[in-house]
Each structure stands twice: as C-alpha cells, then as structure tokens.
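Please keep the model in view while reading.

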Amino acid sequence: MSKSAVRTMITAYLVLFLLGTTWPGAMLFNHVEPLMLGLPFNLFVLAVLISFALVLLAALYASEKRP
C-alpha cells in the first residue's frame with residue numbers, strides 16, 4: 001500500500017472516530033445492554049475503535065519506515 005493511501009485511510013478513520021465518540025455520534029452506542037465481553041455496549045465500542053486505531057497507526061508506522 002502506498003503512503004498516501006495509508007494516510008488517507010487513517011485520516012478518514014480518525015474523523016469517524018471523532019464523530020463516533022463525541023455527542024451526536026456517541027448517542028448511537030449509548031446503551032448498557034447488551035453486555036459484550038463483560039463490558040457495557042458503549043465501552044465495548046470504544047475498545048474496538050481504539051484497538052482498530054492501534055492497528056492503523058502500526059500500519060502507518062510500517063509504511064513510513066520503508067524507504
């Protein structure tokens with residue numbers, strides 16, 4: 001994958017992350033039930049978003065490290 005494609009993908013994801021974790025977007029996930037992996041649904045969604053961000057940032061690091 002090219003550097004610009006990875007940067008574009010990460011920028012788009014981080015914008016979605018921002019919209020999903022602030023007021024209007026967070027209301028979509030603001031449920032206690034169902035419990036997923038022992039977490040309330042809203043905390044589970046945040047954990048998934050953060051984990052995916054970690055994977056994308058690792059991909060960005062790998063793409064920037066190559067010559």
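Helices are DSSP runs of H or I with at least four residues, numbered from the N terminus. The expected span of a helix is 1.5 Å times one less than its number of residues. This is a predicted model: local features need pLDDT of at least 70, side-chain atom pairs need pLDDT 80 or more, and totals for chains, interfaces and linings use all residues. Residues are numbered from 1 along each chain as its sequence is written, and side-chain values use heavy atoms, without hydrogens or water.

**Helix α1.** Helix α1 covers residues 3-21. Its 19 residues should span 27 Å, and the end C-alpha atoms are 27 Å apart, which agrees. Val6, Ile10, Tyr13 and Gly20 of α1 are buried (under 20% relative accessible area; exposed is over 50%, partly exposed in between; 1.4 Å probe, protein chains only). These buried residues fall within an arc of 85 degrees seen down the axis, so they line one face of the helix. The arc is taken from the directions from the helix axis to the C-beta atoms. Thr8 and Leu19 are exposed on the other side of α1.

**Salt bridge.** The count is one salt bridge, defined as a side-chain nitrogen of Lys or Arg within 4 Å of a carboxyl oxygen of Asp or Glu. Glu64 and Arg7 form the pair, at 2.7 Å, N to O. Glu64 lies in α3 and Arg7 in α1, so the bridge ties together parts 57 residues apart in sequence.

**Partly exposed residues**

| Residue | Relative accessible area |
|---|---|
| Leu43 | 43% |
| Glu64 | 33% |
| Arg7 | 44% |

Leu43 is placed in helix α3.

How values were computed: Helices (H or I, at least four residues) and strands (E, at least two) are DSSP runs, numbered from the N terminus.
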